[in-house]
Amino acid sequence: MTSYKVRRFACEPWFFTMLLINPPVVRPCEPPAGIAKLLGMLGKHNVRCRVLDANLEGLMSLLKCPVEANDTWSRRASRHLDSNVSALSHPNIYKNTDRYRRAGHDIDRILYQVALSHGVHLGLANYQDLTLSPLRSLDLIRASKQPEKRPFYGYFMERLSSIFEDEQPSVVGISLNYLSQAIPTFSMIGLIRKLCPGARLVLGGGLVTSWLSNPGWNNPFDGLVDDMVAGPGEKPL
């Protein structure tokens, strides 16, 4: 396994920029329109902003990992991986339901095999950790403390290090909409805290909105997340 060394970057508070992140795992063909809307709003107010689709990039990164193809399905999926990924990027495949399903299932098989060693069942629209639950706040906090144990750690480390070295954002906003994103999101949060401790971390999205709408909500992530936004994020940002 590749060893990654944590580097810290001095995020200067007067260099005001925002990094907006779409975290894994959700359907990669359906990026959230909310982030694009926020990008437009921030640009209108002359706020420098960058968007990272960590979902699509993270999945593509894992598809490059070597796979032990010890069964017929895995061997076939490995052999046709490039053509399946290419096909899903072209509208013609959606005219052939069987071809579309086969390509999706074969790509899912590769992701499943890659993530299994991390104790995760992974697919293009699925993330199921076998030891942590997205429904338990203590498990989400645990994920933030041990990001290296999750399958996206290598991608997160390389990509975020590059961005922070180049951009030094003072605010990082993550759009958390689904339970399938929760554990990867908190793994990413833990890494961001190590790489760029001066950045202000804002968490929004549909899942966060549902948490905050609960009358009995008591924030268990104080000290880990600076702000949590319910509903549209234009005004708070």
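**A walk through the helices**

Hi everyone, let's start with Glu165, which sits in helix H7. At 47% relative accessibility, Glu165 counts as partly exposed, because buried means under 20% relative accessible area, exposed means over 50%, and partly exposed is in between, using a 1.4 Å probe and protein chains only. Between Glu165 and Ala54 there are 111 residues in sequence, and their C-alpha atoms are 17 Å apart in space.

A quick word on where this comes from. This is a predicted model, in which local features need pLDDT of at least 70 and side-chain atom pairs count only at pLDDT 80 or more, while totals for chains, interfaces and linings use all residues. Residues are numbered from 1 along each chain as its sequence is written, and side-chain values use heavy atoms, with hydrogens and water left out. When I say helix (H or I, at least four residues) or strand (E, at least two), I mean DSSP runs, numbered from the N terminus.

Let's stay with H7 and bring in its partner H8. The axes of helix H7, residues 153–167, and H8 come within 10 Å and cross at roughly 45 degrees. That makes H7 oblique to H8, since angles under 35 degrees count as roughly parallel, over 145 as roughly antiparallel, 65 to 115 as roughly perpendicular, and the rest as oblique. Axes here are lines fitted to C-alpha atoms, for helices over the stretch in contact, and the angles run from 0 to 180 degrees between N-to-C directions.

Contact means heavy atoms within 4.5 Å. By class, the H7 and H8 contact has 10 nonpolar residues, 1 polar and no charged ones. For those classes, Ala, Val, Leu, Ile, Met, Phe, Trp, Tyr, Cys and Pro count as nonpolar, Asp, Glu, Lys and Arg as charged, and the others, Gly among them, as polar.

H8 has another neighbour to show you. Helix H6, residues 137–145, packs with H8, residues 179–195, at an angle of about 45 degrees, with the axes 7 Å apart. H6 and H8 are therefore oblique to each other, and H6 passes H8 in a right-handed crossing. On the H6 side we have Leu140, Ala143, Ser144 and Lys145, meeting Ala182, Ile183, Phe186, Ser187, Gly190 and Lys194 in H8. The H6 and H8 contact holds 5 nonpolar, 3 polar and 2 charged residues. Which residues of H6 are buried? They are Asp139, Leu140, Ile141, Ala143 and Ser144, and what covers them includes H8 and helix H9, 206–212.

Now to the pair H3 and H5. The axes of H3 and helix H5, residues 97–116, come within 9 Å and cross at roughly 105 degrees. That makes H3 roughly perpendicular to H5. Here Trp73, Ser74, Arg76, Ala77 and Ser78 of H3 touch Arg102, His105, Asp106, Arg109, Ile110 and Gln113 of H5. Those residues divide into 3 nonpolar, 4 polar and 4 charged.

Let's zoom in on Ser74, in helix H3, residues 72–79. Is Ser74 buried or exposed? At 0% relative accessibility, Ser74 counts as buried. Leaving aside neighbours within four places in sequence, Ser74 is in contact with Ala69, Arg109, Ile110 and Gln113.

Next, Glu57, found in helix H2, residues 54–63. Glu57 counts as partly exposed, at 28% relative accessibility. Setting aside neighbours within four places in sequence, Glu57 is in contact with Leu52, Tyr155 and Arg159. The side chains of Glu57 and Tyr155 are joined by a polar contact of 2.7 Å, meaning a pair of N or O atoms within 3.5 Å where, within protein, one must be able to donate a hydrogen and the other to accept it, and where residues adjacent in sequence count only if both atoms are side-chain atoms.

Last, two spots in the backbone. Most residues other than glycine have a negative phi, and most peptide bonds are trans. Pro24 and Val25, though, are joined by a cis peptide bond, with omega about 5 degrees. Val25 lies in the loop between strand E1, 17–22, and helix H1, 33–44. Asn46, in the loop between H1 and strand E2, 48–53, has a positive phi, near 60 degrees. At 71% relative accessibility, Asn46 counts as exposed.

Methods:
Left-handed = near helix turned anticlockwise from the far one by under 90°.
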